[in-house]
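User: Hi! I'd like to walk through this structure with you. Could you start with the basic terms?

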Amino acid sequence: MASLQTTSILSCSSSSNHSLKPVNASIHISKPSRVTYSAPKIPTTNLHIQEFHGSSIENNAITTQIYHDLYSPNNSKSKATAQLYAILEAVADRIEMHKNIGQQRDNWNTLLLNSINMITLTATAIAGVAAATSGDNTTPLLALKLSSTLLFSASTGMSLIMNKIQPSQLAEEQRNATRLFKQLQTQIQTTLALGNPTEEDVKGSIEKVLALDKAYPLPLLGAMLDKFPAKFEPAVWWPSTQIQRKGKTQEGKAHSKRNNNGWSEELETEMREVIEVVKRKDLEDYERLGNIALKVNKTLAIAGPLLSGIAAVGSPFVGNGSWAAFVPLMAGSLAAAINGFEHGGQVGMVFEMYRNCGGFFTLLEKTIEATLEEKEFEKRENGEIFEMKVAMKLGRSVSALRRLASKSASYRMEGIAVDEFASKLF
């Protein structure tokens, strides 16, 4: 029994030993050792992730700081940039308004011209029919006289209103305003593109917008420009500060050629000769033509309603003799012809065009004078750029502008009048 028990114990222990070996083998297999071996890569991966997140956090902090500095109210440069963008939006809105209103007022000119002429010619034809049927019956004759008188009266009232507001001139004003606001828009965009706006740029842009609003108003009642001034005067759409001198007025010291900012004595002499030619030729010509257009427009604006009014007064007397029929027929025909010439030919628009051209040359003259009066070359615009701008504004190349100035100087030296020289040039 003891031997059997011993044998069973040994067999059990041996079986248990055999059963433990697989367990030990399953625990100490090589695969877990590989997992354990690859474990050190995990901190490395976490390290890269932490470095990535750390760099992104740092970049975000830098970007946030940049935006904070850019839009900080204490940053004058960013404040000027924001203000210029606000002005740019207002300028874009004004461009669209002037464009739309200009098209509307051009339609006014066409519709009112056609309506007034049709009414006038219809009234003239009715007066002619009334004169031809004056001996038949008094009832149709009275109806024709009344119709003709009413139509002539309506034509007179409408032509008075049309001649007062001058739709063709209003449309030209809006076209000029659109062009000048687009020019200002381009200037502001250039300032923003250069990336160095200042408070002076903001102030100057606001003054230019207000000056344009005053020179070319949108409303009619209370703000419309006088269409028949006593004397021709060029348009003024720039602020006075735009052409003021900057800096000191006393004589500056001589500068070396390296520090003259592109200016020289020859260039200053050239600009002075350009001013003389502009004064003697362009400004005088546009002033003369503007006065002629103003007188013609005034005459036509008075003659048209006057003739249609005479026709309205003479219409009730049609049938009382040949001369009684002659007056409304001739007056109505002439009124239609004058009205068609005045508004169909857009005499008011021609006057406004001369006024705008006179303003252009006046601004050019004052700009050159103000630039030359500045004694410190560093405060002037670069001379070569300024010369190129003047040449482009006058529709010439830089070499052609120099030839113009040299010829003007030679003619002046020879004692020939500048206006005679200019007449030969142009």
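Analyst: Happy to! Helices (H or I, at least four residues) and strands (E, at least two) are DSSP runs, numbered from the N terminus. With that rule, the protein chain has 13 helices and zero strands. This is a predicted model, in which local features need pLDDT of at least 70, side-chain atom pairs count only at pLDDT 80 or more, and totals for chains, interfaces and linings use all residues. Residues are numbered from 1 along each chain as its sequence is written, and side-chain values use heavy atoms, with hydrogens and water left out.

User: Which residues touch the most other members in the largest nonpolar core?

Analyst: They are Val91, Phe181, Ile188, Tyr216 and Trp237, in a core of 21 residues. A nonpolar core is a set of buried Ala, Val, Leu, Ile, Met, Phe, Trp, Tyr and Cys residues joined through side-chain atoms within 4.5 Å. At least two residues of this core come from each of helix H4 (76–132), helix H6 (167–194) and helix H7 (199–215). Apart from this core lies another, with 17 residues, including Leu267, Ile275, Phe361 and Phe386.

User: Back to Val91. What is it in contact with?

Analyst: If we leave aside neighbours within four places in sequence, Val91 is in contact with Phe181, Leu184, Gln185, Ile188 and Val209. Contact means heavy atoms within 4.5 Å.

User: And H6 and H7, at what angle do they pack?

Analyst: The angle is about 175 degrees, and the axes of H6 and H7 are 11 Å apart. Axes are lines fitted to C-alpha atoms, for helices over the stretch in contact, and angles run from 0 to 180 degrees between N-to-C directions. Angles under 35 degrees count as roughly parallel, over 145 as roughly antiparallel, 65 to 115 as roughly perpendicular and the rest as oblique. H6 and H7 are therefore roughly antiparallel to each other.

User: Which residues make that contact?

Analyst: From H6 there are Leu180, Phe181, Leu184, Gln187, Ile188 and Thr191, and from H7 there are Asp201, Ser205, Lys208, Val209, Leu212 and Asp213. Sorted by class, the contact has six nonpolar, three polar and three charged residues. Here Ala, Val, Leu, Ile, Met, Phe, Trp, Tyr, Cys and Pro count as nonpolar, Asp, Glu, Lys and Arg as charged, and the others, Gly among them, as polar.

User: New topic: how many aromatic pairs are there?

Analyst: First the rule: rings of Phe, Tyr and Trp (its six-membered ring) pair if their centres lie within 6.5 Å, and planes under 30 degrees apart count as stacked, over 60 as edge-to-face and the rest as tilted. The count comes to six aromatic pairs. In one of them, the ring centres of Tyr286 and Tyr354 are 6.1 Å apart with the planes at 55 degrees, so the pair is tilted. Tyr286 sits in helix H8 (residues 265–314) and Tyr354 in helix H10 (residues 347–373), so this pair ties together parts 68 residues apart in sequence.

User: How do the rings of Tyr286 and Phe361 pair, then?

Analyst: Their centres are 5.8 Å apart and their planes at 25 degrees, so that pair is stacked. It links distant parts of the chain, with Tyr286 in helix H8 and Phe361 in helix H10, 75 residues apart. Ring pairs link Tyr286, Tyr354, Phe360 and Phe361 into a cluster.

User: Are Tyr286 and Phe361 buried or partly exposed?

Analyst: Tyr286 counts as partly exposed at 23% relative accessibility, while Phe361 is buried at 9%. Tyr354 is also buried, with a relative accessible area of 17%.

User: What about Glu172, where is it found?

Analyst: Glu172 is found in helix H6. At 10% relative accessibility, Glu172 counts as buried.

User: Last one: what is the phi of Asn261 near?

Analyst: Phi of Asn261 is near 55 degrees, a positive value in a residue other than glycine. Asn261 is found in the loop between H7 and H8, and is partly exposed, with a relative accessible area of 23%.

Technical notes. Buried means under 20% relative accessible area, exposed over 50%, partly exposed in between (1.4 Å probe, protein chains only).
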